[in-house]
Amino acid sequence: MRVVVIGGSGHIGTYLVPRLVRAGHEVVTISRGTRAAYTDAPEWREVRQVAADREQQDREGVFGDTVAALDPDAVVDLVCFTLESATALVERLRGATGHLLHCGSIWRYGPSHSLPITEATGTAPVGEYGVQKDRIARMLKEETAGGGLVTTSLHPGHIVGPGWHPIGPLGNLDPGVWTTLSAGRPLRIPGIGGELMHHVHADDVAQAFELAVGQRDAAAGQDFNVVAATALNVRGYAHRAAAWFGQTATLETVTWEEFREQTPAEHAQASWEHLHRDHYCSIAKAATLLGYAPDHSPEDAILESVRRLVDEGELKVATPLIA
């Protein structure tokens with residue numbers, strides 16, 4: 001079938017597009033620019049790439065026309081962030097396309113009340129990003145339940161892979177955390193370090209999308225958590241990360257107030273956004289309905305990303321990796 005992937009050169013598309021080509025699909029990507037995928041693959045030579053500025057075309061009300069003109073059997077939307085944009089695409093593709101698959105986020109759930117979080121037990125989202133992702137997922141489910149366009153939403157955790165920085169042990173992108181751990185210096189953590197983060201390798205997210213594309217009936221009208229089989233908390237993550245450099249983590253607990261005083265505002269806020277949600281999600285539904293089976297543990301995926309960053313000189317560390 002012909003599959004159009006919106007945002008095909010990003011984190012997920014880097015792995016999804018080659019997967020779809022290998023599965024025998026004709027693939028067309030839509031991206032704003034001509035940036036290459038994070039990891040090269042020979043399958044990209046068989047892909048038609050279309051340049052389009054979605055934000056501008058959404059403002060003009062023509063983005064759905066751009067997608068529909070490609071005559072897709074299925075559309076994978078990896079870069080939709082507002083209910084308005086999602087609704088416009090649904091209304092244009094209704095009756096013209098067989099299946100629309102949307103990339104959401106586990107931030108559709110608010111701070112956890114019980115673990116693991118299933119698609120039916122998450123709390124109400126907090127923050128505009130999570131609120132929009134939840135609204136989109138609910139709209140898509142209602143669309144399909146009402147006999148309209150066949151839709152599916154897949155909700156990844158913190159996506160990680162070679163070529164970009166992973167969410168680190170403190171729930172932020174502060175490169176200094178890696179310098180501290182690799183040097184064996186004390187790392188200050190807010191609270192006791194029990195807060196959870198649920199990572200997922202980009203290729204495992206791609207696996208889930210490939211499965212959903214190939215099993216439309218099973219995926220129709222469904223929403224799925226797409227994460228690794230396990231999750232890491234702050235202290236476990238820090239201890240594993242230090243060990244990759246032959247060090248033992250020394251963790252000093254501080255209050256959130258102290259942490260904010262000692263941490264650049266951008267990183268402190270990112271830590272709060274990730275850690276107060278305390279997410280650990282179930283993949284039972286995706287495993288049962290789609291056969292989803294992630295190939296990467298969070299620590300393996302993160303180590304792969306860190307190794308690439310260190311090798312390319314994009315992450316400064318005090319001692320070499322030994323893992």
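**Note on pockets, aromatic pairs and the nonpolar core**

1. The second largest pocket of this structure, which is a predicted model, has a volume of about 200 Å³. Its lining is made up of 13 residues, and those that lie nearest the centre of the pocket are Leu 170, Leu 187, Arg 188, Gln 262 and Thr 263. Two or more residues of this lining come from each of the elements α6 (176–183), β8 (187–190) and α10 (256–262), and α6 supplies the largest share, with three residues. Sorted by class, the lining of the second largest pocket holds six nonpolar, five polar and two charged residues.

2. The largest pocket has a volume of about 1300 Å³, and 44 residues line it. Nearest its centre lie Leu 78, Val 79, Cys 80, Phe 81 and Tyr 129. At least two lining residues come from each of α1 (11–22), β2 (26–31), α2 (54–60), α4 (83–93), α5 (128–145) and β7 (158–160), while α2 gives the most, with four residues. When the lining of the largest pocket is divided by class, one finds 19 nonpolar, 16 polar and nine charged residues.

3. A further point concerns the aromatic rings. A pair of such rings is described by the distance of the centres and the angle of the planes. Over the whole structure, a search finds six aromatic pairs. One of them joins Trp 178 and Trp 244, which are stacked, with 6.3 Å from centre to centre and 10° between the planes. Trp 178 belongs to helix α6, whereas Trp 244 sits in the loop between α9 (234–243) and β13 (251–254), and the pair thus links distant parts of the chain, 66 residues apart. Trp 178 and Trp 244 are both buried.

4. How are the rings of Trp 256 and Trp 272 arranged, and what is the angle between the planes? Trp 256 and Trp 272 form an edge-to-face pair, with the centres 5.1 Å apart and the planes at 90°. Because Trp 256 lies in helix α10 and Trp 272 in helix α11 (residues 265–275), this pair ties together parts that are 16 residues apart in sequence. Trp 256 counts as buried because its relative accessibility is 17%, which falls under the cut-off of 20%. Trp 272, on the other hand, has a relative accessible area of 31% and is therefore partly exposed.

5. Phe 81 and Tyr 129, named above among the residues nearest the centre of the largest pocket, also belong with Trp 107 to one aromatic cluster.

6. The last point is the interior. In soluble globular proteins, nonpolar side chains tend to be buried together. The largest nonpolar core of this model has 40 residues, and the ones with the most contacts inside it are Val 5, Leu 16, Val 76, Leu 101, Leu 154 and Phe 209. Two or more residues of this core come from each of β1 (2–6), α1, β4 (74–77), β5 (99–103), α7 (202–214), β11 (222–226) and α12 (284–290). Which element gives the most to this core? That element is α7, with seven residues.

How values were computed
Residues numbered from 1 in each chain as written. Predicted model: local features only at pLDDT ≥ 70, side-chain atom pairs only at ≥ 80, totals over all residues. Heavy atoms only, no water. 1 Å grid on protein atoms, 1.4 Å probe; cavity = no way out; pocket = protein on both sides within 12 Å on 5 of 7 lines; lining within 4 Å. Points joined across faces, edges and corners; volume = space filled by probe spheres on them. Nonpolar A, V, L, I, M, F, W, Y, C, P; charged D, E, K, R; others polar. Phe/Tyr/Trp six-rings, centres within 6.5 Å; stacked < 30°, edge-to-face > 60°. Buried < 20%, exposed > 50% of the residue type's maximum accessible area, 1.4 Å probe, protein only. Core = buried A, V, L, I, M, F, W, Y, C linked by side-chain atoms within 4.5 Å.
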